[in-house]
Amino acid sequence: MSGYTAKWEVPLNDGKTHVVEFEHGTATGKRVVRVNGETLVNREWMFRLVGDEIIHLGKNKIVIRIDPIHGLRYSYTLWVNGKSYENFIQTQSKLLKCWTTNLRGVQYRIVLDKNTQAIWINGTHEEDVKNDFVDGGAEMEFLIGGLPAVIRSNNIEGREITYILYIDDLEIKDQDFSE
(Lines give C-alpha, C1' and ligand atoms only; values in the text may rest on other atoms or scores of the structure.)
Protein backbone atom coordinates (compact mmCIF):
# COMPACT_ATOMS: atom_id res chain seq x y z
CA MET A 1 0.00 0.00 0.00
CA SER A 2 1.38 3.37 -1.00
CA GLY A 3 1.17 6.51 1.07
CA TYR A 4 -1.94 8.62 0.96
CA THR A 5 -2.28 12.15 -0.38
CA ALA A 6 -5.09 13.14 1.99
CA LYS A 7 -6.72 11.52 5.02
CA TRP A 8 -9.88 12.30 7.00
CA GLU A 9 -11.58 10.76 10.02
CA VAL A 10 -15.35 10.77 9.49
CA PRO A 11 -17.62 10.08 12.50
CA LEU A 12 -20.94 8.72 11.25
CA ASN A 13 -24.20 7.93 13.00
CA ASP A 14 -23.37 4.21 12.93
CA GLY A 15 -21.18 4.85 15.96
CA LYS A 16 -17.96 4.41 13.99
CA THR A 17 -15.29 6.82 12.89
CA HIS A 18 -14.35 5.86 9.34
CA VAL A 19 -10.83 6.63 8.13
CA VAL A 20 -10.96 7.84 4.52
CA GLU A 21 -7.62 7.87 2.68
CA PHE A 22 -7.12 9.26 -0.80
CA GLU A 23 -4.15 8.65 -3.05
CA HIS A 24 -3.69 10.82 -6.13
CA GLY A 25 -1.01 10.30 -8.76
CA THR A 26 -0.55 13.79 -10.13
CA ALA A 27 1.37 12.56 -13.21
CA THR A 28 -0.88 9.60 -14.09
CA GLY A 29 -4.18 10.68 -12.59
CA LYS A 30 -4.21 7.50 -10.51
CA ARG A 31 -6.89 7.61 -7.83
CA VAL A 32 -7.26 5.25 -4.89
CA VAL A 33 -9.86 5.64 -2.14
CA ARG A 34 -9.59 3.50 0.98
CA VAL A 35 -12.04 3.41 3.86
CA ASN A 36 -10.82 1.73 7.05
CA GLY A 37 -8.00 0.15 5.02
CA GLU A 38 -10.33 -1.36 2.39
CA THR A 39 -9.84 -0.17 -1.20
CA LEU A 40 -13.16 1.06 -2.64
CA VAL A 41 -11.83 2.88 -5.72
CA ASN A 42 -8.70 2.02 -7.70
CA ARG A 43 -8.24 3.81 -11.02
CA GLU A 44 -4.77 3.39 -12.52
CA TRP A 45 -4.86 5.90 -15.37
CA MET A 46 -7.07 8.95 -15.62
CA PHE A 47 -6.60 11.65 -18.22
CA ARG A 48 -8.56 14.10 -16.14
CA LEU A 49 -6.49 15.05 -13.07
CA VAL A 50 -9.23 17.08 -11.35
CA GLY A 51 -12.85 16.35 -10.48
CA ASP A 52 -14.73 14.32 -7.88
CA GLU A 53 -14.54 10.79 -6.53
CA ILE A 54 -17.84 9.68 -5.00
CA ILE A 55 -18.38 6.77 -2.63
CA HIS A 56 -21.22 5.74 -0.36
CA LEU A 57 -20.90 4.55 3.24
CA GLY A 58 -24.31 3.22 4.16
CA LYS A 59 -26.71 6.10 3.49
CA ASN A 60 -23.89 8.66 3.50
CA LYS A 61 -22.52 10.21 0.32
CA ILE A 62 -18.80 10.99 0.49
CA VAL A 63 -17.24 13.22 -2.18
CA ILE A 64 -13.51 13.82 -2.52
CA ARG A 65 -13.05 16.96 -4.60
CA ILE A 66 -9.77 17.51 -6.47
CA ASP A 67 -9.19 21.11 -7.57
CA PRO A 68 -6.17 22.64 -9.28
CA ILE A 69 -4.22 25.34 -7.47
CA HIS A 70 -1.33 27.54 -8.58
CA GLY A 71 1.94 25.88 -9.56
CA LEU A 72 0.62 22.55 -10.90
CA ARG A 73 -0.57 21.52 -7.47
CA TYR A 74 -3.92 20.27 -6.22
CA SER A 75 -6.20 20.77 -3.25
CA TYR A 76 -8.28 17.95 -1.81
CA THR A 77 -11.52 18.58 0.05
CA LEU A 78 -13.97 16.13 1.55
CA TRP A 79 -17.74 16.59 1.47
CA VAL A 80 -20.13 14.44 3.49
CA ASN A 81 -23.83 14.49 2.65
CA GLY A 82 -23.43 17.81 0.86
CA LYS A 83 -21.51 19.51 3.70
CA SER A 84 -17.85 20.41 3.78
CA TYR A 85 -15.82 18.22 6.13
CA GLU A 86 -15.48 21.07 8.64
CA ASN A 87 -19.23 21.80 8.68
CA PHE A 88 -20.05 18.10 8.86
CA ILE A 89 -17.75 17.62 11.88
CA GLN A 90 -19.34 20.64 13.56
CA THR A 91 -22.83 19.19 12.96
CA GLN A 92 -21.80 15.73 14.18
CA SER A 93 -20.37 17.19 17.40
CA LYS A 94 -23.86 18.59 18.08
CA LEU A 95 -25.58 15.25 17.31
CA LEU A 96 -23.14 12.76 18.81
CA LYS A 97 -21.31 12.49 22.13
CA CYS A 98 -18.23 10.29 22.10
CA TRP A 99 -15.94 8.77 24.70
CA THR A 100 -12.91 6.48 24.34
CA THR A 101 -11.40 4.41 27.11
CA ASN A 102 -9.21 1.39 27.70
CA LEU A 103 -10.65 -1.28 30.00
CA ARG A 104 -8.56 -4.30 30.93
CA GLY A 105 -6.36 -3.81 27.87
CA VAL A 106 -9.27 -3.41 25.42
CA GLN A 107 -9.93 -0.09 23.67
CA TYR A 108 -13.59 1.00 23.67
CA ARG A 109 -15.31 3.79 21.80
CA ILE A 110 -18.73 4.71 23.16
CA VAL A 111 -21.00 6.96 21.10
CA LEU A 112 -24.35 8.42 22.11
CA ASP A 113 -26.68 9.69 19.41
CA LYS A 114 -28.32 12.60 21.24
CA ASN A 115 -31.39 12.60 18.97
CA THR A 116 -32.29 8.92 19.22
CA GLN A 117 -30.57 8.16 22.56
CA ALA A 118 -28.96 5.13 20.85
CA ILE A 119 -25.66 3.94 22.31
CA TRP A 120 -22.94 2.40 20.16
CA ILE A 121 -19.92 0.52 21.53
CA ASN A 122 -17.09 0.01 19.03
CA GLY A 123 -19.60 0.47 16.21
CA THR A 124 -22.12 -2.05 17.55
CA HIS A 125 -25.53 -0.82 18.64
CA GLU A 126 -26.06 -1.55 22.35
CA GLU A 127 -29.50 -3.12 22.65
CA ASP A 128 -29.54 -3.83 26.41
CA VAL A 129 -29.94 -0.32 27.88
CA LYS A 130 -32.07 0.50 30.90
CA ASN A 131 -33.46 4.05 30.80
CA ASP A 132 -34.58 5.85 33.96
CA PHE A 133 -35.67 9.38 34.72
CA VAL A 134 -33.93 10.80 37.78
CA ASP A 135 -34.13 14.13 39.55
CA GLY A 136 -32.88 16.75 37.06
CA GLY A 137 -32.29 14.38 34.15
CA ALA A 138 -32.05 10.79 32.99
CA GLU A 139 -29.77 7.78 33.20
CA MET A 140 -28.97 5.13 30.60
CA GLU A 141 -27.48 2.01 32.22
CA PHE A 142 -25.65 -0.75 30.32
CA LEU A 143 -22.60 -3.00 30.57
CA ILE A 144 -19.27 -2.48 28.86
CA GLY A 145 -16.57 -5.09 29.11
CA GLY A 146 -18.57 -6.69 31.92
CA LEU A 147 -18.48 -3.48 33.96
CA PRO A 148 -21.51 -1.35 34.87
CA ALA A 149 -21.77 1.86 32.87
CA VAL A 150 -24.17 4.77 32.98
CA ILE A 151 -24.63 7.89 30.87
CA ARG A 152 -26.19 10.63 32.97
CA SER A 153 -27.85 13.57 31.34
CA ASN A 154 -29.05 16.73 32.98
CA ASN A 155 -30.45 20.07 32.00
CA ILE A 156 -29.52 22.73 34.52
CA GLU A 157 -31.71 25.85 34.44
CA GLY A 158 -32.66 25.49 30.76
CA ARG A 159 -29.07 25.37 29.50
CA GLU A 160 -27.82 22.77 27.05
CA ILE A 161 -28.18 19.16 28.16
CA THR A 162 -24.92 17.66 29.40
CA TYR A 163 -23.98 13.99 29.12
CA ILE A 164 -21.45 12.29 31.41
CA LEU A 165 -20.29 8.69 31.10
CA TYR A 166 -19.33 6.70 34.19
CA ILE A 167 -17.86 3.21 33.98
CA ASP A 168 -17.61 1.35 37.28
CA ASP A 169 -18.31 4.72 39.02
CA LEU A 170 -15.35 6.47 37.30
CA GLU A 171 -16.03 9.44 35.02
CA ILE A 172 -14.72 9.03 31.45
CA LYS A 173 -13.54 12.15 29.60
CA ASP A 174 -15.45 12.85 26.39
CA GLN A 175 -13.76 13.12 22.99
CA ASP A 176 -13.98 16.21 20.81
CA PHE A 177 -14.49 15.41 17.10
CA SER A 178 -12.30 18.35 16.09
CA GLU A 179 -9.24 16.98 17.90
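A polar contact is a pair of N or O atoms within 3.5 Å; within protein, one must be able to donate a hydrogen and the other to accept it, and residues adjacent in sequence count only if both atoms are side-chain atoms. The model is predicted, so local features need pLDDT of at least 70 and side-chain atom pairs count only at pLDDT 80 or more, while totals for chains, interfaces and linings use all residues. Residues are numbered from 1 along each chain as its sequence is written, and side-chain values use heavy atoms, with hydrogens and water left out.

**Exercise 1.** Describe the surroundings of histidine 18.

*Solution.* 
Step 1. Histidine 18 belongs to strand 2; strands (E, at least two residues) and helices (H or I, at least four) are DSSP runs numbered from the N terminus.
Step 2. Its relative accessible area is 8%, so histidine 18 is buried (buried means under 20%, exposed over 50%, partly exposed in between, with a 1.4 Å probe and protein chains only).
Step 3. The side chain of histidine 18 makes a polar contact of 2.9 Å with that of aspartate 14 and another of 3.0 Å with that of asparagine 36.
Step 4. Beyond neighbours within four places in sequence, the contacts of histidine 18 (heavy atoms within 4.5 Å) include Trp8, Val10 and Leu57.

**Exercise 2.** Identify the residues and elements that build the largest nonpolar core.

*Solution.* 
Step 1. A nonpolar core is a set of buried Ala, Val, Leu, Ile, Met, Phe, Trp, Tyr and Cys residues joined through side-chain atoms within 4.5 Å.
Step 2. The largest such core has 21 residues, of which Trp8, Val10, Val20 and Leu78 touch the most other members.
Step 3. Elements that each supply at least two residues include strand 1 (6-11), strand 2 (17-24), strand 7 (73-80) and helix 1 (85-95). The largest share, four residues, is that of strand 7.
Step 4. Apart from this core lies another of 17 residues, with Tyr108 and Met140 among them.
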